[in-house]
Amino acid sequence: MKTGKLFVFSAPSGSGKTTLVRHLLLQNLPLGFSISATSRTPRGEEKDGMDYYFLSEEEFRQKIEEDAFIEYEEVYQGAFYGTLRSEVERLWKEGKNVLFDIDVIGGLNVKEQYPEETLAVFVQPPSLEELEKRLRQRMTETEEKIQQRLDKSATELIYSQDFDVILVNDNLAKAKQEVVRLVKEFLRS
Ligand code: ADP
Ligand code: 5GP
């Protein structure tokens, strides 16, 4: 089986990891996005097989039984998220290195399974106040969901120490430049 490198981007929701991952995918680099499976419902313009593989909770549990996941978690109550083995294998077969936009614990689980091949990047918001502002400005969540995400973020920040790199996403243009530099450097290593 042909393998490649793995780039994990984890952060509290609203830190800007999706923005940075999308930026990386626009570069002319051999990178592919690992589409996660989730049991939550699509939001906004999200499409099945593009942003996520949207599964019912029953389908998700079936895949857990089949050991189809590299890692999975109930990130929020009733909402499962996981990385399918078949997804990483698909990208490796295409000669791509894999980008993950996943939860902090999931990110560290990937790193634990592939320590040499993984660069784990923690995207840190400049402050919790700014994080809240970004989540509100994104206007994709209900007030209850915003609160759930904010409650989780304080704990997530503690895990930042276990990542290879902490990237503070304050000035977006600078963070974009830095992320491209980090990825290129690890691809060469
Ligand atoms: P995540 O994927 O971590 O949940 P997003 O990439 O969706 O976060 O970013 C959350 C919101 O913050 C989005 O509306 C995005 O446009 C905005 N954003 C991202 N980075 C910055 C930044 N450096 N400064 C201000 N706003 C930002
Ligand atoms: P959202 O619902 O905002 O798309 O994602 C909620 C959280 O689930 C985010 O922190 C996101 O990074 C995380 N997530 C997305 N995919 C996965 C995955 O495959 N595994 C894990 N552990 N978390 C994921």
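Colleague: Which element gives the most to the lining of the largest pocket?

Modeller: Helix H1 (17–25) gives the most to that lining, with 6 residues; helices (H or I, at least four residues) and strands (E, at least two) are DSSP runs, numbered from the N terminus. This is a predicted model, in which local features need pLDDT of at least 70 and side-chain atom pairs count only at pLDDT 80 or more, while totals for chains, interfaces and linings use all residues. Residues are numbered from 1 along each chain as its sequence is written, chains are lettered from A and ligands numbered from 1 in the order in which they are written, and side-chain values use heavy atoms, with hydrogens and water left out.

Colleague: How much space lies in the largest pocket, and which residues are the closest to its centre?

Modeller: A pocket is found on a 1 Å grid over the protein atoms alone, as an open set of points where a 1.4 Å probe fits, with protein on both sides within 12 Å along at least five of seven lines, and its lining residues have an atom within 4 Å of a point. Grid points are joined across faces, edges and corners, and the volume is the space filled by probe spheres set on the points. Here the largest pocket holds about 1,100 Å³ of space. Thr18, Arg43, Tyr52, Asp101 and Arg138 are the closest to its centre among the 44 residues that line it. Two or more lining residues come from each of H1, E5, E6, H5 and helix H6 (143–158). By class, the lining has 14 nonpolar, 13 polar and 17 charged residues, where Ala, Val, Leu, Ile, Met, Phe, Trp, Tyr, Cys and Pro count as nonpolar, Asp, Glu, Lys and Arg as charged, and the others, Gly among them, as polar.

Colleague: Where does ligand 2 sit, and which residues are the closest to it?

Modeller: A molecule sits in a pocket if more than half of its atoms lie within 2 Å of the pocket's grid points, and ligand 2 sits in the largest pocket. Strand E5 (69–76) and strand E6 (79–84) each give two or more residues to the shell around this ligand, with E5 giving the most, 4 residues. A residue is near a molecule if one of its heavy atoms lies within 4 Å of it; 17 residues surround ligand 2, and the closest are Ser36, Arg40, Tyr52, Glu71 and Tyr81. The shell divides into 5 nonpolar, 4 polar and 8 charged residues.

Colleague: Which polar contacts does ligand 2 make, and how much of its area does the protein cover?

Modeller: A polar contact with a ligand is a pair of N or O atoms within 3.5 Å. A nitrogen atom of ligand 2 lies 3.0 Å from a polar side-chain atom of glutamate 73. One of its oxygen atoms lies 3.2 Å from a backbone N or O atom of glycine 82, and an oxygen atom of the ligand is 2.9 Å from an N or O atom in the side chain of arginine 149. Of the 510 Å² of accessible area that ligand 2 has on its own, the protein covers 97%, with areas taken from the Shrake-Rupley method with a 1.4 Å probe.

Colleague: What is the phi of aspartate 67?

Modeller: Most residues other than glycine have a negative phi. Aspartate 67 has a positive value, near 55 degrees, and lies in the loop between helix H2 (57–65) and E5.

Key: Polar contact = N/O pair within 3.5 Å; in protein donor to acceptor, adjacent residues only side chain to side chain.
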